[in-house]
Amino acid sequence: MSKKSTVKQPKDQIRGIGRLFAWVSATMCLLPLVLVFAVSTSEVWQRGPWAGGFTLKYLAQGWQTISPYAWFSIKLALLVLLLNFIIGIPTSWVLARHRFPGRDLLFSLTNVPIAVPGIAMGLALIITYPLLRRNGSLLVAGHLLYTLPYFIGSLTPQLNQRSVRDVEWVAATLGANFPKRVMYVIFPKIRTSLLAATIMVVTLSMGEFNVSFFLFNPQNKPLPVELYSAYITGRIEVAAAITLCFLCFVVPAAILLERLGGAKVGNV
Amino acid sequence: MKTSKNAASLQFNRIQFTYSDGKQAAIKDVFIDVEPGEIVVFVGPSGCGKSTLLRIAAGLLIPQQGSLVIDGEDALALAPEKRRIGWVPQSYALFEHLNIAENVGFGLKMQKVPKAQREKQVQDMLKLCRIEEYAKRSVRALSGGQRQRVAIARALAVNPRILMLDEPLAALDPQLRIAIRADLEELLRASGVTTLFVTHDQSEALAVADKVVVLRDGHVEQIGKPDDLWRYPANSFVAEFLSNAITTKAQADSSRTVLLGGELCCNVNREIKPGEKVVVALRKENFYISEQGIQGRIIFSEYNGGVYQLKVETKSGNVLPVSSTTELPIGASILVDFNSASELSVVGV
């Protein structure tokens with residue numbers, strides 16, 4: 001029996017360097033999370049990680065502090081998401097499918113809030129509509145303004161794709177009216193983009209601080225604003241525990257939404 | 001010609017269309033008459049308006065002027081879903097979230113056909129298109145040819161009055177194209193449905209069509225049966241596009257012959273006035289390499305599966321297309337004669 005000869009693969013240095021960079025980047029991103037976990041579960045962090053022993057008391061304390069604000073932030077994010085659907089889907093459709101004078105200008109205008117700093121946007125809104133702050137609708141408007149460009153920006157290119165237009169046209173010639181085309185053909189085709197946009201809106205709204213800081217009132221205080229208060233007033237172990245609780249909300253929500261859609265975010 | 005009981009007539013009547021972001025009209029004053037059961041092929045170079053015409057007929061684009069009549073009915077007043085037209089785009093646009101049977105049955109479901117009847121019609125259509133064994137498969141698992149069949153089955157399942165195929169063979173590799181073209185033609189003839197077929201491939205147009213419409217820059221250059229267009233092209237463009245002919249000027253020698261470059265006497269396909277200058281289309285079957293004839297120099301040679309396609313420039317500057325079974329070097333001098341059994345097409349005076 002002849003001996004199998006193995007072909008020596010040439011070294012791919014670029015690939016190796018790329019892999020190294022990927023690992024370094026991932027470690028740099030994950031390291032703070034590990035530290036947050038260590039700080040929030042150490043009895044006395046100043047003496048070193050778990051030097052005084054492992055404890056969950058800060059987590060319990062942190063959760064007690066932020067839980068009302070967490071539920072408020074979730075409700076706010078879902079309301080903002082609903083408004084994004086109501087306003088963003090028709091706007092994306094019009095921008096993607098119709099050519100009319102001023103279309104390009106309108107598309108550029110929808111992207112303006114991305115370029116405006118959150119603080120400036122918050123300030124502008126509170127100066128323009130001071131009365132709306134009291135009932136919380138200004139906070140909703142701020143979050144909507146902040147998230148809508150991302151929602152439209154994620155959906156419009158997909159709706160503009162020839163493949164989406166073709167399936168819709170085929171469905172039309174097969175007898176499907178517009179609502180049926182949306183339900184049976186367009187929605188399944190853009191599901192991944194819609195999911196990506198949904199995740200983006202929910203996570204952006206839940207984590208938004210700059211706009212919220214200007215627009216909140218004591219009855220309507222979002223989680224990131226409460227986090228800020230905790231950081232500047234409390235001890236570091238509690239602040240870290242609150243951060244961990246916050247991440248426990250945001251990360252599983254993103255994973256769950258992604259799984260529900262049966263596709264990876266960004267795979268549009 | 002087998003005609004389906006649903007097959008409809010269609011008239012594009014002075015249709016004009018400009019895209020909203022376009023400066024020039026994409027379709028200019030087009031008039032085309034399609035008989036029930038006919039296979040009409042729209043052919044022309046990219047951007048000539050072939051696909052636009054199909055989309056207008058399907059109701060996906062609305063023309064600014066003109067009328068569209070399907071079976072005597074003003075079709076422009078109808079939404080796409082009311083026109084009963086089957087449209088198969090170049091991409092096939094299969095519904096990837098549905099399996100093959102569900103794709104084929106989609107139109108029937110939209111038209112609220114009862115489930116039992118729908119299943120039977122889907123089965124019949126899968127059988128007609130010879131894809132019944134793939135019924136439950138995902139469309140993602142299909143080859144190009146199979147995808148095309150699913151798209152056609154889906155369009156035919158709703159008994160359309162007119163079937164529209166937009167470059168249905170363009171996505172296939174060259175070896176498959178010819179085999180599937182024959183299959184497709186058989187399928188269309190079997191269904192008997194009026195068909196509009198778009199292609200930019202002239203051989204495909206001539207092979208499949210009952211009637212060919214040659215388009216350029218949004219207007220019709222010529223409409224006719226394939227053989228008529230081949231033998232009597234209306235102008236240089238049609239001759240050059242449909243048969244890769246070379247067009248050149250020649251002087252009429254008699255009522256049925258011309259002198260090419262003042263030296264080679266050639267038959268022509270229609271009566272001309274002796275002495276007048278005419279434009280003729282030269283095809284490779286009109287000339288052959290001979291022991292006598294006129295001398296020329298090979299300026300182009302391309303191997304084309306057992307035959308070399310040559311272009312030979314004569315002393316008078318005429319370029320003649322000719323075939324050779326042996327390889328001849330570019331620059332070589334050869335003698336070329338006219339094939340007296342053939343005729344040059346007169347394409348202009």
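## A look around chains A and B

A compact globule of 268 residues would have a radius of gyration near 18 Å, but chain A comes in at 24 Å. Keep in mind that this is a predicted model.

| Sheet in chain B | Strand order | Pairing | Edge strands |
|---|---|---|---|
| 4 strands, open | β2-β1-β4-β5 | antiparallel | β2 (27-34) and β5 (73-74) |
| 5 strands, open | β13-β12-β11-β14-β19 | antiparallel | β13 (264-267) and β19 (345-348) |

Strand β1 (residues 10-17) of chain B is joined to β2(B) by 5 bridges, and the two run antiparallel. If you want a spot to look at, find B:I15, which stands opposite B:V30 in β2(B).

Then there is the sheet of 5 strands, in the order β13-β12-β11-β14-β19 of chain B. Its edge strands, β13 and β19 of chain B, have a single partner strand each, so one side of each is left without a neighbour in the sheet. From one strand to the next, the twist averages 50°. Inside this sheet, 6 bridges link strand β11 (residues 246-252) of chain B with strand β14 (residues 277-282) of chain B, again in antiparallel fashion. There, B:K249 sits opposite B:V279 in β14(B). Helix α8 (residues 236-243) of chain B packs on the sheet and touches β11, β14 and β19 of chain B. The direction of α8 makes about 130° with that of β11(B).

Chain B also has a pair of helices to look at. Two packed helices are described by the angle between their axes and the distance between the axes. For helix α3 (residues 115-128) and helix α4 (residues 144-157) of chain B, the axes come within 9 Å and cross at roughly 140°. That makes α3(B) and α4(B) oblique to each other, and their crossing is right-handed. Which residues meet here? On the α3(B) side they are B:Q121, B:M125 and B:L128, and they meet B:A153, B:L156 and B:A157 in α4(B). Sorted by class, this contact has 5 nonpolar residues, 1 polar and no charged ones.

Key: Residues numbered from 1 in each chain as written. Chains lettered and ligands numbered in written order. Predicted model: local features only at pLDDT ≥ 70, side-chain atom pairs only at ≥ 80, totals over all residues. Heavy atoms only, no water. Axes fitted to C-alpha atoms, helices over the stretch in contact; angles between N-to-C directions. Parallel < 35°, antiparallel > 145°, perpendicular 65-115°, else oblique. Left-handed = near helix turned anticlockwise from the far one by under 90°. Contact = heavy atoms within 4.5 Å. Nonpolar A, V, L, I, M, F, W, Y, C, P; charged D, E, K, R; others polar. Pairing = 2+ DSSP bridges. Rg over C-alpha atoms; globule rule 2.2 N^0.38 Å.
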